[in-house]
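Colleague: Could you walk me through this model before I look at it in detail? I'd like to go part by part.

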Amino acid sequence: MSTLPVIYGYARVSKADDESKNLDTQLRILAEHGIRDHLVFTDVASSRSLQRPGWQALMAVIQPGDTVVVAFLDRFSRNFEDGVRIQADLTRQDIGIVAIRENIDTREGSAAAKFFRRSMLAQGAYQVDSASERIKMGLERARAEGRRVGRPPALSGEQLEQCLRMSEEGVGLRQIARVMQCSPGTVKKALVAALGS
(Lines give C-alpha, C1' and ligand atoms only; values in the text may rest on other atoms or scores of the structure.)
Protein backbone atom coordinates (compact mmCIF):
# COMPACT_ATOMS: atom_id res chain seq x y z
CA MET A 1 0.00 0.00 0.00
CA SER A 2 1.55 3.32 -1.06
CA THR A 3 1.35 6.37 1.16
CA LEU A 4 0.43 9.87 0.07
CA PRO A 5 3.28 12.37 -0.30
CA VAL A 6 3.91 14.50 2.78
CA ILE A 7 4.86 18.17 2.78
CA TYR A 8 7.34 18.95 5.56
CA GLY A 9 8.60 22.32 6.73
CA TYR A 10 12.12 23.15 7.80
CA ALA A 11 13.27 26.28 9.65
CA ARG A 12 16.71 27.15 10.95
CA VAL A 13 18.25 30.12 12.72
CA SER A 14 21.75 30.91 13.85
CA LYS A 15 23.19 33.74 15.92
CA ALA A 16 24.25 35.55 12.76
CA ASP A 17 20.69 35.80 11.38
CA ASP A 18 18.93 39.14 11.37
CA GLU A 19 15.45 39.77 12.76
CA SER A 20 13.76 39.23 9.37
CA LYS A 21 14.75 35.54 9.42
CA ASN A 22 14.06 34.68 13.06
CA LEU A 23 12.39 31.37 13.88
CA ASP A 24 8.97 32.91 14.58
CA THR A 25 9.00 34.62 11.19
CA GLN A 26 9.88 31.39 9.40
CA LEU A 27 7.25 29.39 11.30
CA ARG A 28 4.60 32.01 10.47
CA ILE A 29 5.50 31.90 6.76
CA LEU A 30 5.36 28.10 6.75
CA ALA A 31 1.98 28.13 8.55
CA GLU A 32 0.60 30.67 6.05
CA HIS A 33 1.47 28.20 3.31
CA GLY A 34 -0.43 25.37 4.99
CA ILE A 35 2.44 23.46 6.60
CA ARG A 36 1.13 21.82 9.77
CA ASP A 37 3.07 22.46 12.99
CA HIS A 38 3.73 18.76 13.67
CA LEU A 39 5.38 18.44 10.23
CA VAL A 40 7.84 21.31 10.78
CA PHE A 41 11.39 20.51 11.86
CA THR A 42 13.56 23.25 13.35
CA ASP A 43 17.16 23.90 14.28
CA VAL A 44 18.91 26.64 16.19
CA ALA A 45 22.35 26.03 14.75
CA SER A 46 24.91 27.19 12.27
CA SER A 47 24.54 25.87 8.75
CA ARG A 48 28.19 24.77 8.70
CA SER A 49 27.19 21.17 9.27
CA LEU A 50 24.21 19.02 8.32
CA GLN A 51 24.62 17.21 11.65
CA ARG A 52 21.80 19.34 13.04
CA PRO A 53 19.20 17.50 15.16
CA GLY A 54 16.15 18.88 13.32
CA TRP A 55 17.65 18.25 9.88
CA GLN A 56 18.69 14.71 10.83
CA ALA A 57 15.19 13.98 12.19
CA LEU A 58 13.64 15.29 8.96
CA MET A 59 15.97 13.15 6.81
CA ALA A 60 15.02 10.09 8.90
CA VAL A 61 11.30 10.37 8.05
CA ILE A 62 11.20 11.89 4.58
CA GLN A 63 10.37 9.55 1.68
CA PRO A 64 10.59 9.75 -2.13
CA GLY A 65 7.72 11.89 -3.40
CA ASP A 66 7.65 14.07 -0.27
CA THR A 67 8.53 17.78 -0.24
CA VAL A 68 10.64 20.03 2.00
CA VAL A 69 9.41 23.63 2.28
CA VAL A 70 11.56 26.47 3.63
CA ALA A 71 10.68 30.11 4.07
CA PHE A 72 14.07 31.17 2.63
CA LEU A 73 16.39 29.12 0.41
CA ASP A 74 19.44 29.92 2.55
CA ARG A 75 17.93 27.97 5.46
CA PHE A 76 19.34 24.80 3.86
CA SER A 77 22.95 25.93 3.83
CA ARG A 78 25.34 28.82 4.35
CA ASN A 79 26.89 28.79 0.89
CA PHE A 80 26.01 28.01 -2.68
CA GLU A 81 28.17 24.89 -2.93
CA ASP A 82 26.49 23.20 0.05
CA GLY A 83 23.11 24.32 -1.27
CA VAL A 84 23.77 22.69 -4.63
CA ARG A 85 24.82 19.46 -2.93
CA ILE A 86 21.73 19.37 -0.71
CA GLN A 87 19.43 20.19 -3.63
CA ALA A 88 21.07 17.50 -5.78
CA ASP A 89 20.78 14.90 -3.00
CA LEU A 90 17.11 15.66 -2.42
CA THR A 91 16.34 15.69 -6.16
CA ARG A 92 18.10 12.33 -6.59
CA GLN A 93 15.82 10.93 -3.87
CA ASP A 94 12.77 12.34 -5.71
CA ILE A 95 12.12 14.84 -2.90
CA GLY A 96 10.72 18.22 -3.90
CA ILE A 97 12.06 21.55 -2.66
CA VAL A 98 9.99 24.68 -2.16
CA ALA A 99 11.53 28.01 -1.14
CA ILE A 100 8.63 30.36 -0.48
CA ARG A 101 10.28 33.80 -0.62
CA GLU A 102 12.33 32.93 -3.74
CA ASN A 103 9.23 31.43 -5.41
CA ILE A 104 11.06 28.17 -6.21
CA ASP A 105 9.19 24.89 -6.52
CA THR A 106 11.15 21.98 -7.96
CA ARG A 107 8.04 19.76 -7.94
CA GLU A 108 6.52 21.64 -10.82
CA GLY A 109 7.16 20.32 -14.29
CA SER A 110 7.52 23.93 -15.38
CA ALA A 111 10.39 25.31 -17.40
CA ALA A 112 11.26 27.53 -14.40
CA ALA A 113 11.65 24.50 -12.08
CA LYS A 114 13.77 22.66 -14.66
CA PHE A 115 15.88 25.77 -15.19
CA PHE A 116 16.42 26.08 -11.41
CA ARG A 117 17.58 22.47 -11.10
CA ARG A 118 19.87 22.72 -14.11
CA SER A 119 21.34 26.07 -13.07
CA MET A 120 22.05 24.84 -9.53
CA LEU A 121 23.85 21.78 -10.89
CA ALA A 122 25.67 23.85 -13.54
CA GLN A 123 26.81 26.37 -10.90
CA GLY A 124 28.16 23.52 -8.77
CA ALA A 125 30.08 22.12 -11.76
CA TYR A 126 31.35 25.63 -12.57
CA GLN A 127 32.70 26.07 -9.03
CA VAL A 128 34.56 22.74 -9.25
CA ASP A 129 35.97 23.65 -12.69
CA SER A 130 36.91 27.11 -11.44
CA ALA A 131 38.82 25.68 -8.46
CA SER A 132 40.64 23.22 -10.74
CA GLU A 133 41.55 26.04 -13.10
CA ARG A 134 42.93 28.17 -10.22
CA ILE A 135 45.08 25.24 -9.04
CA LYS A 136 46.37 24.67 -12.57
CA MET A 137 47.22 28.38 -12.98
CA GLY A 138 49.02 28.40 -9.60
CA LEU A 139 51.16 25.41 -10.61
CA GLU A 140 52.01 27.02 -13.96
CA ARG A 141 53.00 30.27 -12.22
CA ALA A 142 55.20 28.38 -9.73
CA ARG A 143 56.94 26.53 -12.58
CA ALA A 144 57.48 29.81 -14.47
CA GLU A 145 59.11 31.26 -11.33
CA GLY A 146 61.40 28.24 -11.14
CA ARG A 147 59.82 26.81 -8.01
CA ARG A 148 59.56 23.05 -7.65
CA VAL A 149 55.98 21.74 -7.72
CA GLY A 150 54.53 18.30 -7.17
CA ARG A 151 56.32 15.35 -5.67
CA PRO A 152 60.04 15.81 -5.22
CA PRO A 153 62.12 13.69 -7.59
CA ALA A 154 63.82 10.62 -6.16
CA LEU A 155 67.47 11.04 -5.29
CA SER A 156 69.95 10.04 -7.98
CA GLY A 157 72.61 7.42 -7.29
CA GLU A 158 75.23 10.15 -6.85
CA GLN A 159 73.01 12.07 -4.42
CA LEU A 160 72.31 8.87 -2.48
CA GLU A 161 76.04 8.21 -2.08
CA GLN A 162 76.53 11.79 -0.85
CA CYS A 163 73.67 11.29 1.66
CA LEU A 164 75.26 8.08 2.94
CA ARG A 165 78.66 9.77 3.37
CA MET A 166 77.11 12.75 5.20
CA SER A 167 75.07 10.41 7.41
CA GLU A 168 78.18 8.40 8.33
CA GLU A 169 79.90 11.69 9.25
CA GLY A 170 77.05 12.40 11.68
CA VAL A 171 75.29 15.11 9.69
CA GLY A 172 71.59 15.35 10.64
CA LEU A 173 68.67 14.66 8.28
CA ARG A 174 67.61 18.31 8.08
CA GLN A 175 71.07 19.48 7.10
CA ILE A 176 71.40 16.71 4.50
CA ALA A 177 67.97 17.64 3.14
CA ARG A 178 69.05 21.29 2.83
CA VAL A 179 72.15 20.28 0.86
CA MET A 180 70.12 17.91 -1.35
CA GLN A 181 67.30 20.49 -1.72
CA CYS A 182 64.63 18.01 -0.70
CA SER A 183 62.61 17.15 2.38
CA PRO A 184 64.03 15.30 5.40
CA GLY A 185 61.45 12.59 4.69
CA THR A 186 62.92 12.01 1.23
CA VAL A 187 66.41 11.69 2.72
CA LYS A 188 65.21 9.33 5.43
CA LYS A 189 63.35 7.15 2.93
CA ALA A 190 66.39 6.99 0.66
CA LEU A 191 68.75 6.11 3.55
CA VAL A 192 66.42 3.42 4.93
CA ALA A 193 66.09 1.85 1.47
CA ALA A 194 69.87 1.99 0.87
CA LEU A 195 70.86 0.65 4.28
CA GLY A 196 68.15 -2.01 4.22
CA SER A 197 69.35 -3.50 0.93
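Colleague: How many bridges join strand E1 to strand E3, and do they run parallel or antiparallel?
Modeller: Bearing in mind that this is a predicted model, strand E1 (residues 7-13) and strand E3 (residues 67-70) run parallel and are joined by 4 bridges. Within that pairing, Gly9 stands opposite Val69 in E3.

Colleague: And what packs on the sheet there, touching E1, E2 and E3?
Modeller: Helix H1 (residues 23-32) does, and its direction makes about 165° with that of E1. Helix H2 (residues 53-61) also lies across E1, E2 and E3, running at about 155° to E2.

Colleague: What's the strand order of the open sheet?
Modeller: The order of the 5 strands is E2-E1-E3-E4-E5, and the pairing is mixed. Strand E2 (40-44) and strand E5 (104-105) stand at the edges with a single partner strand each, so one side of each has no neighbour in the sheet.

Colleague: Switching to aromatics, how many pairs are there?
Modeller: The count comes to 2 aromatic pairs. One of them is formed by Tyr10 and Trp55, which sit edge-to-face at 5.1 Å centre to centre, with 75° between the planes. Because Tyr10 lies in strand E1 and Trp55 in helix H2, the pair ties together parts that are 45 residues apart in sequence.

Colleague: Are those two, Tyr10 and Trp55, buried or exposed?
Modeller: Both Tyr10 and Trp55 are buried.

Colleague: Last one: why does Lys189 count as exposed?
Modeller: Lys189, which lies in helix H7 (residues 184-196), counts as exposed because its relative accessibility is 63%, and exposed means over 50%. The C-alpha atoms of Lys189 and Ala154 are separated by 9.7 Å, with the two residues 35 apart along the chain.

Note on methods. Residues numbered from 1 in each chain as written. Predicted model: local features only at pLDDT ≥ 70, side-chain atom pairs only at ≥ 80, totals over all residues. Heavy atoms only, no water. Pairing = 2+ DSSP bridges. Helix = DSSP H or I, 4+ residues; strand = E, 2+ residues; numbered from the N terminus. Contact = heavy atoms within 4.5 Å. Axes fitted to C-alpha atoms, helices over the stretch in contact; angles between N-to-C directions. Buried < 20%, exposed > 50% of the residue type's maximum accessible area, 1.4 Å probe, protein only. Phe/Tyr/Trp six-rings, centres within 6.5 Å; stacked < 30°, edge-to-face > 60°.
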